[in-house]
Amino acid sequence: MIVALVRPVPESIAQCELTHLERVPIDHGIALAQHRQYVDALRALGCEVRELPELPDLPDSVFVEDAAVVLDEVAIITRPGSESRRDEVPSVAEALREFREIQLIERPGTMDGGDVIVAGRRIFAGLSSRTNVDAIRQLGALTSDFGYHTQSVAFRGCLHLKSAATMLSANTILLNPRWVDPEVFEGMKILEVEPDEPYAANALAVGDTILFPEAHPGTANRLRSAGFVVSGVEASELAKAEGALTCCSVLVRPLPCEKPLSLHFLARVTKC
């Protein structure tokens, strides 16, 4: 079983942070309906969905992925690159304390979870406007004792590394070669997006199924031709906020935590 942490779409999403996209109107009602479809798809794939508290005054709070990087051994609580998003983090840390030992990215490091791809014992961390060198160094130090190797990755043209590439399976990665160099992922099988679908590289693997946005049918066909089972969902309104499918959940394989998060440690999360 997989636990999926999600958070409702706030009505304030129209005031979200934007980096690469022009601001256009976001229909909150449609965004809510699309998010419900996403949550229903997670449940249909066997996930136990846990809804985090709504944060109506935090426009980007539906994008819970950015607050954490979850490994089997530890959960790394991030320090988002946009200061306006840091109040999202404590509730994610509180939810994860049941399953993992908690470690923190601390100042001067900044990191969004959307910049981190985990592929077995390899961690690819995108250097971006939201994730800096110090945070990548911290991530490497916090995970190396568990046998992980962390590698900094340059990319371009999009907000997060996971906008340019995501894992489809243990050894296959979907990517947009215009935004990230495929050679970075040496040793993996590479599946490229349809050239006229640059935003199609963000896919969410849940078990043996790939959740994938309906907006990119050409790439969906490529996935099916490669043998993947694809389940389509609508995500057009969230995409206007530079969001994608991986952004909207934190997936956790339940493992009881032997070192629960103390109230003192939770206070540290709030101050970071």
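This is a predicted model: local features need pLDDT of at least 70, side-chain atom pairs count only at pLDDT 80 or more; totals for chains, interfaces and linings use all residues.
Residues are numbered from 1 along each chain as its sequence is written, and side-chain values use heavy atoms, with hydrogens and water left out.

Me: In which sense do strands S6 and S7 pair?
Reply: Strands are DSSP runs of E, at least two residues, numbered from the N terminus. Two strands pair if DSSP finds at least two bridges between them. S6 (residues 116–119) and S7 (residues 122–127) have four bridges, and their sense is antiparallel.

Me: Which residue takes a positive phi in the hairpin of S6 and S7?
Reply: Two residues lie between the strands. The phi is near 65°, and the residue is Gly120.

Me: What is the bridge partner of Val118 in S7?
Reply: Val118 is among the residues closest to the centre of the largest pocket. Its bridge partner in S7 is Ile123.

Me: How many nonpolar residues are in the lining of the largest pocket?
Reply: Ala, Val, Leu, Ile, Met, Phe, Trp, Tyr, Cys and Pro count as nonpolar, Asp, Glu, Lys and Arg as charged, and the others, Gly among them, as polar. The lining has seven polar and seven charged residues. Its nonpolar residues number 22.

Me: How many charged residues are in the lining of the second largest pocket?
Reply: Tyr199 and His216 are among the residues nearest this pocket's centre. The lining has 10 nonpolar and seven polar residues, and the charged count is one.

Key:
On a 1 Å grid over the protein atoms alone, a cavity is a set of points where a 1.4 Å probe fits but cannot get out, and a pocket is an open set with protein on both sides within 12 Å along at least five of seven lines; lining residues have an atom within 4 Å of a point.
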